[in-house]
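Subject: Structure handover

Hello,

Here is the structure I said I would pass on. My notes on it follow below.

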Amino acid sequence: MAKEGVEKAEETEQMIEKETSKEPAEGGDGSHRLGDAQEMRAVVLAGFGGLNKLKLSRKAMPEPQDGELKIRVKACGLNFIDLMVRQGNIDNPPKTPLVPGFECSGIVEALGDSVKGYEIGDRVMAFVNYNAWAEVVCTPVEFVYKIPDDMSFPEAAAFPMNFVTAYTMLFEIANLREGMSVLVHSAGGGVGQAVAQLCSTVPNVTVFGTASTFKHEAIKDSVTHLFDRNADYVQEVKRISAEGVDIVLDCLCGDNTGKGLSLLKPLGTYILYGSSNMVTGETKSFFSFAKSWWQVEKVNPIKLYEENKVIAGFSLLNLLFKQGRSGLIRGVVEKLIGLYNQKKIKPVVDSLWALEEVKEAMQRIHDRGNIGKLILDVEKTPTPLMANDSTETSEAGEEEEDHEGDSENKERMPFIQ
């Protein structure tokens, strides 16, 4: 064990030396050679709005406080919530400038006072309350988890948000059991794919999924029945299962709330965990926000009582950072790592992006073009963009009123608040 610890420490020192002496590729982001080991590269959101509010900058490197771990970041997860944060389209948004990002993976570089159970050189994944999109992060030990030896850093960065969300909804809230049925929207996204994999660990579970048609070929084997997200999926589901489904996982909101409730069997559970229908244009639109909420079905408790239906909500980040349920989440992560080690689940990584390419990566999420998780790879060299690259964005503030006619390259993705 002592020998392994020395080898890990030497590996970490070599990586740190490499990182701090590396000159980032020129990309017009204003970054320079990091001659000072106390500085790091980080993606900074200068203000709420369009993609032009994001830039790669140098910042002072954080040091761990009591109870914190300092992590040399290798990969960061990019989620729909990050798009919402950029727009300022969340409740009580923090002040800018800020470093976005809520999950990462990397190597432990330093330990704060009173930290136990970890050593310098440990390979870990972590939740971070912002600040994940940087070369170095510090986060409390209760949000950090060791990763299996055969799990890559991109996989580890794709693991926490998606799989913990999927597992908690299916097993902690909805009590998924053998023979039940599940409807999940955005089946091609990170959470959607995690839901499909976890459902496959329970015998005879039927999974109904919606996704843009161009994704169907890639994900058709992960769900039982797959529908075009613009089709009348309510009638399609009832044609197959007249009674409906046992569980509805809704990341869309809007008029899908009423549709989901109408599909529930008696004792079925509807879970709202996102509201991605509120995002249309590049910047926040009050019109889109109001329109989406106006379409939400008004929930009548008496009707729920009469129909024996359950309605619930789930916010992973609130559960962790506001409601103090890190112990519950650690138990979930341990179960998930067990399933990973048994090769029953595996994160689906859509693509890797350099920190300099964060705008292009975020645009891919905005366009609902990904299958699985987008990852910011801290060590990746940026790829020169083509002149007519598809990630060019429309003018900030332009409101895309109707996406329905463009379903072949856009899909509603999960929003985890």
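How many bridges join strand 12 to strand 13, and do they run parallel or antiparallel? Four bridges join these strands, strand 13 being residues 310-313, and the two run parallel. Please bear in mind throughout that this is a predicted model.

Nonpolar cores

The largest nonpolar core contains 104 residues, and Trp133 and Leu249 have the most contacts inside it. Apart from neighbours within four places in sequence, leucine 249 is in contact with Met169, Leu170, Val182, Leu183, Val184, His185, Val195, Ile271 and Tyr273. There is also a second, separate core of twelve residues, among them Leu183, Val234, Val248 and Leu264.

Aspartate 82

Aspartate 82 is in helix 2 (residues 80-87). This residue is buried but has no salt bridge; lysine 373, the nearest side chain of opposite charge, is 7.5 Å away. The side chain of aspartate 82 does reach a backbone nitrogen, that of asparagine 79, at 2.7 Å. Residues up to four places away in sequence aside, aspartate 82 touches Gly77, Gly101, Phe102, Trp133 and Met362. Of these, Trp133 has already come up as one of the residues with the most contacts inside the largest nonpolar core, and Met362 is one of the buried residues of helix 13.

Helix 13

Helix 13 (residues 358-366) is largely enclosed by the rest of the structure, because seven of its nine residues are buried. The buried ones are Val358, Glu360, Ala361, Met362, Gln363, Ile365 and His366. Their cover includes strand 1 (39-45), strand 2 (54-60), strand 3 (68-78), helix 2, strand 14 (349-353) and strand 15 (373-377). Arginine 368, just after the helix, takes a positive phi of about 55°.

Salt bridges

A search of the whole structure finds 18 salt bridges. One of them is between the side chains of arginine 41 and glutamate 356, at 2.9 Å from N to O. This pair links distant parts of the chain, 315 residues apart: arginine 41 is in strand 1, and glutamate 356 is in the loop between strand 14 and helix 13. Arginine 41 is buried at 4% relative accessible area, and glutamate 356 is buried at 18%.

Aspartate 350 and arginine 364 form another salt bridge, their closest N and O atoms being 2.8 Å apart. Since aspartate 350 lies in strand 14 and arginine 364 in helix 13, the pair ties together parts that are 14 residues apart in sequence. Arginine 364 is partly exposed, with 29% relative accessibility.

Salt bridges with shared partners also join Glu63, Lys70, Arg72 and Glu109 into one network.

Regards

How values were computed:
Residues are numbered from 1 along each chain as its sequence is written. This is a predicted model: local features need pLDDT of at least 70, side-chain atom pairs count only at pLDDT 80 or more; totals for chains, interfaces and linings use all residues. Side-chain values use heavy atoms; hydrogens and water are left out. Buried means under 20% relative accessible area, exposed over 50%, partly exposed in between (1.4 Å probe, protein chains only). Lys and Arg count as positive and Asp and Glu as negative; His and the chain ends are not counted. A salt bridge is a side-chain nitrogen of Lys or Arg within 4 Å of a carboxyl oxygen of Asp or Glu. A polar contact is a pair of N or O atoms within 3.5 Å; within protein, one must be able to donate a hydrogen and the other to accept it, and residues adjacent in sequence count only if both atoms are side-chain atoms. Contact means heavy atoms within 4.5 Å. A nonpolar core is a set of buried Ala, Val, Leu, Ile, Met, Phe, Trp, Tyr and Cys residues joined through side-chain atoms within 4.5 Å. Two strands pair if DSSP finds at least two bridges between them.
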